[in-house]
Amino acid sequence: MFQVTNYDMKTLKIIYIIALSSCAIELLLLLFGPNGIFYQIKEAMFTPVKEGQLISISAVYSVDNNDVRMLKFLNKVNTIGYFFSLTGAYLSLLLHKLDRKTKYIIGIAFFVASLIFYLITGPILNHLLQKSYL
């Protein structure tokens, strides 16, 4: 059907390496960054609560509105999808039994999925969630 030339494989490999590098950086920032998962866990565990402390809008607390509950759930699903797409792209390195073209395409597809989660659905859900709180 389609024949892959050597030039196409080199281009695919360069795109794959750029995608994996970007995913590795994003995954490290998601886990260990200044607003990362481990930082938030540390802050929640070791910061004492002061009386009269204000709660930020980014904190997830129950509200009696079903729409807000659904938006919070979708926001959690989006974050989990983003994390799994980053790890899926990075773990595509372990697909030794597949041919290189298929492995590259799978890694790039996971990278594109992570971009969709991060740049499109994440900001939309955060905007809708903040709009529902105000």
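Student: Which residues touch the most other members of the largest nonpolar core?
Tutor: Of its 15 residues, these are L12, Y16, C23, L86 and Y104. Two or more residues each come from α1 (6–32), α3 (66–91) and α4, and α1 gives the largest share, nine residues. This is a predicted model, in which local features need pLDDT of at least 70, side-chain atom pairs count only at pLDDT 80 or more, and totals for chains, interfaces and linings use all residues. Residues are numbered from 1 along each chain as its sequence is written, and side-chain values use heavy atoms, leaving out hydrogens and water.

Student: What makes a set of residues a nonpolar core?
Tutor: Its members are buried Ala, Val, Leu, Ile, Met, Phe, Trp, Tyr and Cys residues joined through side-chain atoms within 4.5 Å.

Student: Why is S114 called buried?
Tutor: Buried means under 20% relative accessible area (exposed is over 50%, partly exposed in between, with a 1.4 Å probe and protein chains only). S114 has 0%, so S114 is buried.

Student: Where is S114, and what does S114 touch?
Tutor: S114 sits in helix α4 (residues 100–133); helices are DSSP runs of H or I, at least four residues, numbered from the N terminus. Beyond four places in sequence, S114 touches C23, E26, Y82, S85 and L86, where contact means heavy atoms within 4.5 Å.

Student: Why does N78 count as buried?
Tutor: N78 has 8% relative accessibility, so N78 counts as buried. N78 lies in helix α3 and, leaving out residues up to four places away in sequence, touches F117, T121, G122 and L125.
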